[in-house]
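Here is a short report on ring contacts and strand pairing. Please keep the model open while reading.

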Amino acid sequence: KLDKNDGSEQFSVVIDNGGTDAFEHLVKTPNGIICVGYVHAQDPSNTFYTEGEGFITFLDNEGRKLNGVNINPYLSQAYRIYEFQKWFYISGLTKNADDFGLLKMDSVGTIQWSRNYGGAAQDHCFGMDIANDGSIFLTGHTQSGKENWDTYTTKIDTAGTLIWEARAGSPRGFKPAYIHDE
């Protein structure tokens, strides 16, 4: 933990959740810190998608581990966590990186609901934001309905209902073949 004013170290800890693991994101709460990421990565040299098991780690305010919750039935890699009105929303990748995944949980890790979003092909969720009204935006890329990866963004309400989804572009520089009639 660093001081935001001068960058000085407040504390430094190493957390071992067992196996090859990592934190992807965290949120500060009145009772400590909630971190999301993965454990048991099958590909330890990759952070894009490790084929691991989604995991939540609860720390106290000094970074000491209090508890851990395996969320692999819902997410194989958790990427983001945000708080809205005392609920925590966690996004990431479902098993085999098939869909966007979103969880709603309370402050002790009890899952209220889990939803998946996407199409018939792979959909990779790497970003999340929550608007002031609680609207949840998930973003990443998709192969559903496309020849190559396109960006994929969704807007979801706090009950997990999909409001809209949009696909556009080609983030990896795919150049489609042009057919010219002669």
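Predicted model: local features only at pLDDT ≥ 70, side-chain atom pairs only at ≥ 80, totals over all residues.

Residues are numbered from 1 along each chain as its sequence is written, and side-chain values use heavy atoms, without hydrogens and water.

**Aromatic pairs**

The structure holds four aromatic pairs. Rings of Phe, Tyr and Trp (its six-membered ring) pair if their centres lie within 6.5 Å; planes under 30 degrees apart are stacked, over 60 edge-to-face, the rest tilted.

| Pair | Centre distance | Plane angle | Class |
|---|---|---|---|
| Phe137 and Trp164 | 6.1 Å | 55 degrees | tilted |

Tyr79 in strand 5 and Phe126 in strand 9 are 47 residues apart. Strands are DSSP runs of E, at least two residues long, numbered from the N terminus. Both Tyr79 and Phe126 are buried. Buried means under 20% relative accessible area, exposed over 50%, partly exposed in between (1.4 Å probe, protein chains only). Phe137 is partly exposed at 26%, and Trp164 is partly exposed at 35%.

**Charge over a ring**

The charged end of Lys104 sits over the ring of Trp87, 4.5 Å from its centre. The cut-offs are NZ of Lys or CZ of Arg within 6 Å of the ring centre and within 35 degrees of the ring normal.

Four strands form an open antiparallel sheet in the order 1-2-3-4. Pairing needs at least two DSSP bridges. Strand 1 (22-29) and strand 4 (65-70) are the edges. Strands 3 and 4 pair over five bridges, and Phe55 stands opposite Asn70 in strand 4.
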